[in-house]
Amino acid sequence: RARVFSGVKPTGNLTLGNYLGALRRWAEVDQHRADALFCVVDLHALTVDHDPGRVRRLSRQAATLLLAAGLDPELCTVFVQSHVDEHARLSYLLECVATDGEMRRMIQYKEKAPRERARGGSVRLSLLTYPVLMAADILAYGTDEVPVGEDQTQHVELSRDVAVRFNQRYGHTFVVPRATAPAVAARVMNLQDPASKMGKSDDSGPGIVYLLDEPEVVRKKVMRAVTDSGQDVVYDREGRPGIANLLEILAACEGGDPEELSRGYDSYGALKKDTAEAVVEVLRPLQARHRELCADPSYVDGVLREGARRAREMARPRVDAAYRAIGLLPA
Ligand code: ATP
Ligand code: MG
């Protein structure tokens, strides 16, 4: 069985983008066919200006939402990154393999660094080195596949490069992973700004559908989505990004193909209405399960404790091997 690893950062409330790009596949596909680990990557939430209490709250909420989305601790391992020391231990070794040039070329760094400067004045060093910690997350587990949205493929590429370089220099230690993206909705766009990705830590609330939004809120956000000039419904990501985004969301929620779906609509209004209802229906069971889980926090704690124990066991031997391979004296 393939080893699968993926994660989500507790930097904000989880969005429809997170669900369609990542979580849903983890629950519906990956946990059933692979030996899978899913992680709330809390160390990554410290790379930007943060409130400690909020990160703690969001970490628990993210873990609860992973379970609400259908991850089953009998089938996969669900845990919190900071509970397993191996991630930070390996990250340092990989900092000795990756280069500063590689870090500065990362699109996400180039996008997030100016935003941090605008918000608070300075950029944390960890924002620059974040992809190395992510490489450690992935490589520690001998991961074959990393199911992520399109925005994360560059970071997974970096993990590949680092794995190959480490193996060449110090002997075969790491499996070389690859990213897998969903066929549709690999990059869900902001409903108010279809040129930018829907991201949970973005400021523009009305363009972002959160997984815990009430049905009425979801409907309002989708109905008010910015659409393109023109009237006929065609699937054209370049020319009609707003409509293409709605078609992809609808296709992802209902199953189907955005291009084919477009032929069934002759007005933007009808498309928006169906898309809103499709999203509401996808979120309904998740929200119900989330409510149940919130009533039983000790269950979630237990899952995370057991998950961390299993993850530690899986990561430890490979990280120890990397320590020996790179030239550190065994303790
Ligand atoms: P942040 O704004 O803090 O970076 P985010 O919404 O991008 O938050 P991440 O925790 O960085 O969320 O990513 C979690 C997973 O969700 C990743 O696999 C990422 O590729 C995926 N993802 C994030 N946003 C989208 C999106 N708009 N469409 C599809 N997938 C997405
Ligand atoms: Mg992100």
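In this predicted model, the shell around ligand 1 consists of 7 nonpolar, 10 polar and 5 charged residues. The shell has 22 residues in total, and those that come nearest to the ligand are Gly 17, Gly 21, Val 148, Gly 149 and Gly 199. Helix H1, residues 16-33, gives the largest share of this shell, with 5 residues. Ligand 1 lies between domain 1 (3-181 + 296-326) and domain 2 (189-292), because both domains give residues to the shell.

The protein chain is divided into these two domains, domain 1 being made of the segments 3-181 and 296-326 and domain 2 of residues 189-292. Their centres, taken over C-alpha atoms, are 27 Å apart. The contact between them involves 15 residues of domain 1 and 15 residues of domain 2. On the side of domain 1 that touches domain 2, H1 and helix H2 (52-68) each supply at least two residues. The largest share of that side, 5 residues, comes from H1. By class, the side of domain 1 that touches domain 2 has 7 nonpolar, 7 polar and 1 charged residues. Helix H1 therefore gives the largest share of the shell around ligand 1, a shell to which both domains contribute.

Gly 17, one of the residues that come nearest to ligand 1, lies in helix H1. Gly 17 is in contact with Gly 149, Val 188, Lys 197 and Met 198, leaving aside residues up to four places away in sequence. UniProt, in an unreviewed entry, places the short sequence motif "'HIGH' region" at residues 10-18. Over residues 10-18 the chain is 33% helix and 0% strand, with 12 Å between the end C-alpha atoms.

| Pair | Separation in sequence | C-alpha to C-alpha distance |
|---|---|---|
| Gly 17 and Lys 197 | 180 residues | 8.3 Å |
| Val 226 and Pro 194 | 32 residues | 7.5 Å |

Val 226 is in the loop between helix H8 (215-223) and helix H9 (241-254). Apart from neighbours within four places in sequence, Val 226 is in contact with Leu 191, Gln 192, Asp 193, Pro 194 and Gly 242.

Val 226 has 16 C-beta neighbours inside 10 Å and so counts as partly exposed. Asp 137 is buried as well, because 27 other C-beta atoms lie within 10 Å; the cut-off for a buried residue is 20 or more.

Asp 137 is found in helix H6, residues 125-139. An unreviewed UniProt entry gives Asp 137 the annotation "binding site". Beyond four places in sequence, the contacts of Asp 137 are Phe 5, Gly 7, Cys 39, Val 41, Gln 81 and His 87.

The largest nonpolar core has 98 residues, and Leu 66, Val 78 and Val 279 have the most contacts inside it. Domain 1 and domain 2 each give at least three residues to this core. In soluble globular proteins, nonpolar side chains tend to be buried together.

Technical notes. Residues numbered from 1 in each chain as written. Chains lettered and ligands numbered in written order. Predicted model: local features only at pLDDT ≥ 70, side-chain atom pairs only at ≥ 80, totals over all residues. Near = placed C-beta within 6 Å. Helix = DSSP H or I, 4+ residues; strand = E, 2+ residues; numbered from the N terminus. Nonpolar A, V, L, I, M, F, W, Y, C, P; charged D, E, K, R; others polar. Domains from an automatic or database assignment. Core = buried A, V, L, I, M, F, W, Y, C linked by C-beta atoms within 7 Å. Buried ≥ 20, exposed ≤ 12 C-beta atoms within 10 Å, placed from the backbone. Contact = placed C-beta atoms within 7 Å. UniProt positions renumbered as here; feature names shortened; annotations may be inferred.
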